[in-house]
Amino acid sequence: MGEASWDHGYHSSTSYTSAFFRELSPSWLDFAALLKGHLPPRDSEGEPFTFLDLGCGTGFSLVMLAALYPEGRFYGVDFHPDHVAHALDLVRRAGLKNVAIHEADFLDLAETAEPWPWTAGGCDYVAAHGIATWVTEPVQSAMLSVATASLRPGGLFYCSYNTYPGWLARSGFQQLLSLELPTARPGELGRCFRDSAGLLSQLLGEDSQPSPLGSALPGLRRELQSLQFAPVDYLCGEFANAGWSPLYVSEMLARCERHKLSFLGSATYSECLVELLPPSVRDLAMRETRPVVRELLIDLATNKAFRRDLLVRGHVRLTQQEWGQRLASLSFRLLLLPDEWAPTPRDTLHFRSSFGEIQGDPKAYAPVIAALTAAPMSLASLLSSGQQSQGELVVMLALLLEAGSIGFDRGPAGVTAAPLVQRLNQVLLDRMQEGRSYTQLALPAAASALPFSILEALIHKALLDRLEEPMLSSCVLLWLQELDVQLLSQDNQVITDPQAQIDRIKAITGAVMATKQPLLQRLGGLPGIPLSPPRSGRRRSKAPGPPGV
């Protein structure tokens with residue numbers, strides 16, 4: 001559509017996918033701020049706050065946050081009427097009273113002189129997930145203007161976006177697609193993506209004899225192949241907008257600076273820990289004193305494709321003692337053990353990051369995991385019972401958090417949130433069992449989410465109905481067929497053999513029973529099961545250390 005349209009070139013003929021992003025959680029953002037020595041908006045879990053989501057999409061992530069944090073006040077803004085209608089329906093079904101969704105255009109908001117509903121006192125958190133490089137530059141500028149005007153001094157602005165150089169390889173695909181989409185008839189969007197990917201794949205030559213393009217971009221063929229497994233709604237949001245324009249970090253941060261938004265760090269914890277970079281990159285980065293240049297050097301060296309920047313409207317730097325006290329009071333709890341711990345620790349632990357694998361010593365991590373297996377614990381308690389310095393322990397906890405092995409312990413605030421979360425999870429399960437493509441359930445004790453598919457929701461229903469094999473797998477397969485949902489193998493191939501389908505359902509049923517249902521129950525997300533108050537094990541003590549891990 002043209003620039004004169006209400007959507008300003010955004011692909012509005014489809015709705016975007018629904019997903020929860022842990023990096024938008026206040027607990028997650030607070031820890032990211034602490035990693036950079038900045039005062040978080042909240043003093044402790046359970047403290048009231050205001051949260052604004054700019055471009056909230058279908059509202060799934062925002063609604064989940066509102067259930068997880070009943071003490072917060074949440075606002076969502078989106079200009080797509082389908083997105084807003086879906087979000088309002090989900091709020092109604094979940095019975096939440098602390099979230100409001102507004103249909104509004106960033107350009108209109110930036111020009112209005114009237115106060116917005118969320119600006120009284122200023123927002124503690126403002127988020128804009130993924131949209132900054134999907135919209136035209138005037139809309140992007142208006143979004144940043146609204147973010148600045150909404151944020152209280154010292155508040156946190158989360159802005160994630162596609163970045164170069166990681167998107168350079170796919171830019172050719174996007175250009176081909178932009179020429180193909182205008183020819184699409186209703187229902188043919190998938191064909192446009194397949195045809196564009198197939199045409200570009202032919203230009204790469206053969207693996208044994210690549211073309212100049214194939215030689216220059218050896219990973220492009222794999223990236224194009226991965227597109228066939230992505231939902232069309234996601235692909236449209238990712239590639240089909242007229243304002244599509246990934247930015248180098250230096251370009252994006254310069255635009256943010258014009259709106260008084262200063263770069264603080266990343267909401268991806270490993271990217272805050274420069275000392276973990278490969279030696280050649282680390283040495284260059286640590287010698288560079290200009291933060292923007294340092295970030296650009298790291299992005300270029302690691303071929304970064306996506307950034308989760310954390311910005312502030314004014315820095316509030318912590319003293320060494322304040323930093324240590326803030327960290328010491330944080331509590332953590334066990335979620336899922338990484339594969340490396342089963343059945344016994346390997347010689348080296350491997351943590352994934354945007355710049356490759358980070359290795360960890362199992363002997364150092366074992367006491368931390370053992371302590372959190374017994375009960376949630378504060379950082380101060382972990383520090384007093386271990387051999388690490390505070391800086392070393394913070395790095396270990398950051399990597400375990402990013403790996404999904406541990407989560408933040410919400411304590412009494414999580415117990416308060418559990419009934420609301422369980423109601424929401426029941427709504428999500430019911431909708432998934434009807435074929436709605438939601439993919440997560442909420443975990444109130446840790447303010448996080450657990451991946452949960454339509455197949456797993458149907459298995460959950462079968463288990464509640466007390467079905468046993470072979471009836472259980474047969475019924476689940478029949479329900480999948482009624483919903484026209486394809487059963488996929490571990491490598492995302494469609495399973496057509498009847499016995500292989502049954503075997504796949506049995507395997508996933510075992511995983512649901514052994515892992516996912518117990519985790520949901522333990523963390524208060526299983527409908528109908530109260531969350532018990534947390535056990536003791538969180539002694540408070542001061543453990544100061546140097547800010548800027």
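In strand 11, Met377 is the bridge partner of Phe332, and strand 11 pairs with strand 8 (residues 331-334) in the antiparallel sense over 2 bridges. Strands here are DSSP runs of type E with at least two residues, helices are runs of H or I with at least four, and both are numbered from the N terminus; two strands pair if DSSP finds at least two bridges between them. This is a predicted model, in which local features need pLDDT of at least 70 and side-chain atom pairs count only at pLDDT 80 or more, while totals for chains, interfaces and linings use all residues. Residues are numbered from 1 along each chain as its sequence is written, and side-chain values use heavy atoms, with hydrogens and water left out.

Phe31 and Val476 touch the most other members of the largest nonpolar core, which has 118 residues. Such a core is a set of buried Ala, Val, Leu, Ile, Met, Phe, Trp, Tyr and Cys residues joined through side-chain atoms within 4.5 Å, where buried means under 20% relative accessible area with a 1.4 Å probe, protein chains only. The largest share of this core, 9 residues, comes from helix 17 (residues 390-403).

Terms used. Buried means under 20% relative accessible area, exposed over 50%, partly exposed in between (1.4 Å probe, protein chains only).
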